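I opened my notebook to look up a few things in this structure. Here is what I wrote down as I went along.

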Amino acid sequence: MKILSGTQQLFKSAFADFRRDKVRTALTSLGIMIGVLSVVLLIALGLGLKNYIEGQFESLGANLLMVLPGSGFTGEGGGGFGGQGIVGGAQFDEKDVRDLSRLSGIKYLTPVVFKSSLVQANGEEKAGYVMGANEDFFGLMSYKILSGDLWGKTEVGNRSKVAVLGYNLADDLFDKPADGLGKTLRVSGIRLKVVGVIKKTGDNEQDRSVVIPYTTTFGSLNPSKTFFSIYLGVESKDEVEAVSSAAEKILLRRYDEDEFAMTELSEILSTVNSIFGIINVVLMAIGSISLIVGGIGIMNIMYATVTERTREVGIRRAIGATKRDILLQFMTESVLLSFLGGAVGLLLAAGIVLLVRIWFPVALNLTAVLVAFGVSSAIGIFFGVFPAKKAADLSPIEAIRYE
Amino acid sequence: MKETRSTISLNKVTKEFLLGDGSVFTALKEINLDIKEGEFSAITGPSGSGKSTLMHMIGLLDRPTRGGVIINGRDVSKLDDNATSFLRNEFVGFVFQQFNLLNKLTIKENILLPTTYTRKRLSYDPSERAEYLMDMFGILSKKDQYPNKVSGGQQQRVAVARALIMRPQLILADEPTGNLDHKTGTEIIDLFEELNKKEGITIIMVTHEMEVAERARRQIRVLDGEIVSDKK
């Protein structure tokens with residue numbers, strides 16, 4: 001047998017003590033375990049939410065540029081036809097679309113008419129969103145067809161009464177979503193023929209949409225022939241800024257600065273990101289409370305342990321242990337207790353995350369893991385140092401006489 | 001055997017304790033004591049005589065209020081905690097009345113425990129030395145057992161082996177037979193005698209049993225904090 005190194009000796013001694021009272025060891029670590037578990041799970045949940053929402057935006061395409069009336073996304077720009085009545089808000093028309101089509105660097109360009117409406121078919125009546133657009137809309141939104149086909153340029157030119165139906169709305173109206181193909185819908189008195197049903201996108205608005213040529217809305221649906229918004233699909237991400245300012249210049253010829261706004265999706269994304277950044281910090285703070293409670297549990301037990309082992313401290317001091325040796329011995333135990341609790345908590349959290357992933361895109365990241373480990377070890381050190389100091393400062397004579 | 005060199009000397013050592021009522025109790029009064037290398041001494045005295053305090057001074061477990069403790073020509077009474085701990089580790093081996101073994105460690109691990117606190121490179125293999133000592137004391141077959149599973153006499157042998165593992169200059173035994181029956185106690189004193197004669201190890205025992213004290217070659221009697229007799 002070779003003589004063990006100092007560190008090995010400390011670990012061996014700590015584990016020997018843990019083995020002696022397994023129940024107490026487990027209960028002491030439990031606090032930290034629960035703390036780490038809750039911190040990691042909360043972070044995973046926060047990240048999952050953030051990823052989910054980011055994913056929703058990204059499915060729209062990060063190169064999307066929206067021209068909205070009013071001051072844009074952050075202002076009072078929403079609202080469909082109703083929104084077009086906002087005082088001072090621009091009411092875009094076909095001339096604007098023609099003007100913008102002269103811009104270079106754009107791949108898609110479509111006016112957007114938006115209206116929430118009741119949709120009747122097959123004896124059912126369900127709420128949906130009527131969207132008037134041109135054929136570019138499908139490319140811009142990367143719609144994938146489930147059955148039938150998308151309508152095209154010809155239908156826009158002919159003001160055809162055709163519709164592409166979102167998956168959820170088709171599912172509500174018909175036995176099977178694909179059954180909607182060829183059926184007739186009634187929306188605000190207009191009869192529309194379903195030429196295609198799209199695959200599920202995961203976006204509620206898109207999955208409940210009835211997409212029709214914008215020209216078709218120019219009757220009872222949209223007598224003023226104006227558009228709620230104009231969407232531009234920029235060819236590459238790097239050109240978004242340039243296209244945005246060029247488009248703004250064009251529109252400024254007809255409208256005042258405060259009548260419209262250019263909104264980039266990346267802008268919305270960064271707003272969402274900063275909101276979730278704050279939510280994550282709050283979640284971590286809540287989780288940390290349980291970590292601190294766990295740390296106090298360790299301190300409590302370590303104090304009891306020091307009293308219980310006063311005689312052991314005396315013996316060790318008599319045969320040559322320095323104050324530092326005793327301090328290290330007790331610190332090692334509390335750090336190990338805390339660290340092991342943290343490790344078990346992390347493993348459990350990883351298991352739960354893997355399980356929850358089946359339903360919701362929760363995510364573990366390295367930061368969460370490192371923070372959990374770092375904090376649990378730090379707690380072991382912080383809450384371990386007071387009892388360990390008490391042990392180290394015991395007088396050898398008093399300690400060895402202790403019964 | 002040369003007996004000229006001193007192992008440890010106390011020079012006018014006084015120890016005072018502050019009592020709860022604010023008064024001062026003098027446990028040791030200007031004690032002068034010189035222990036030569038290879039001596040086998042017994043410190044005797046009734047309880048409260050100061051013999052335990054004297055042992056704590058010799059064992060470097062406590063510091064004198066006044067006076068010096070000289071080891072190998074150096075006053076060690078003013079050293080800091082670290083230096084004193086190293087000296088306890090290397091210079092002295094303790095044997096206690098209560099054996100004071102750690103029941104969570106095996107017998108061999110108990111014997112090796114002082115070597116885990118040493119700051120110097122040992123010139124021998126500690127494991128080999130532990131087995132040699134266990135063999136010499138007839139406890140080698142118990143090396144992987146735990147102390148509370150063996151007899152009192154065997155536990156005290158483990159404690160003596162632990163005291164010897166660092167090859168100390170001095171063995172300090174505090175009532176080594178106090179927890180043992182007469183026969184086993186005699187065996188432990190036989191062991192001390194043998195170690196002293198054959199290996200030349202300096203031994204100091206604190207005891208109140210006259211029969212045990214008489215086995216030593218020097219008897220130091222303490223009463224009321226003073227040495228009242230010193231017979232060789």
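I began with one pair: A:Val119 stands opposite A:Lys126 in β3(A). I kept in mind that this is a predicted model, where local features need pLDDT of at least 70 and side-chain atom pairs count only at pLDDT 80 or more, while totals for chains, interfaces and linings use all residues. My bookkeeping was simple: residues are numbered from 1 along each chain as its sequence is written, chains are lettered from A and ligands numbered from 1 in the order in which they are written, and side-chain values use heavy atoms, with hydrogens and water left out.

I noted how elements are named: helices (H or I, at least four residues) and strands (E, at least two) are DSSP runs, numbered from the N terminus. Two strands pair if DSSP finds at least two bridges between them.

Next I followed β2(A) to its partners. Nine bridges connect β2(A) with strand β3 (residues 124–133) of chain A, and the two run antiparallel. In their hairpin, two residues sit between the strands, and A:Asn122 takes a positive phi near 55°.

Strand β2 (residues 106–121) of chain A also pairs with strand β9 (residues 229–234) of chain A, antiparallel, over six bridges. There I found A:Thr110 opposite A:Tyr231 in β9(A).

What joins β2(A) to strand β6 (residues 184–187) of chain A? I found two bridges, with the strands antiparallel. Here A:Gln120 faces A:Arg186 in β6(A).

**A sheet in chain B**

I then moved to chain B, where four strands form an open antiparallel sheet in the order β2-β1-β4-β5. Its edge strands are β2 (24–36) and β5 (74–75) of chain B, each pairing on one side only. Strand β1 (residues 6–18) of chain B and strand β4 (residues 66–71) of chain B share five bridges and run antiparallel. B:Leu10 is the residue I saw opposite B:Val69 in β4(B).

**Salt bridges**

I used this rule: a side-chain nitrogen of Lys or Arg within 4 Å of a carboxyl oxygen of Asp or Glu. The count comes to 30 salt bridges over all chains. One of them joins A:Asp172 and A:Arg208, whose closest N and O atoms are 2.9 Å apart. This pair links distant parts of the chain, 36 residues apart: A:Asp172 is in helix α7 (residues 167–173) of chain A, and A:Arg208 is in the loop between α8 (204–207) and β8 (209–213) of chain A.

**Surface patches**

Patches are made of residues with over 30% relative accessible area and no salt bridge; like charges are joined within 9 Å, nonpolar side chains (Val, Leu, Ile, Met, Phe, Trp, Tyr) within 5 Å. Accessible areas come from the Shrake-Rupley method with a 1.4 Å probe, and for residues only the protein chains shown count as cover.

Which residues form a nonpolar patch on the surface? They are A:Phe11, A:Phe15, A:Phe339 and A:Leu340, with about 310 Å² of accessible area together. The elements giving two or more residues to this nonpolar patch are α1 (6–20) and α12 (323–356) of chain A. I located A:Phe15 in helix α1 of chain A.

**What the record says**

UniProt positions are given in the numbering used here, feature names are shortened, and annotations may be inferred rather than shown by experiment. For chain B, UniProt places "domain: ABC transporter" (unreviewed entry) at residues 8–232. I found that span of chain B to be 31% helix and 28% strand, with its end C-alpha atoms 17 Å apart.

For "transmembrane region" (unreviewed entry), UniProt lists spans of chain A including 275–306 and 366–386. Residues 275–306 of chain A are 100% helix and 0% strand, with end C-alpha atoms 47 Å apart.
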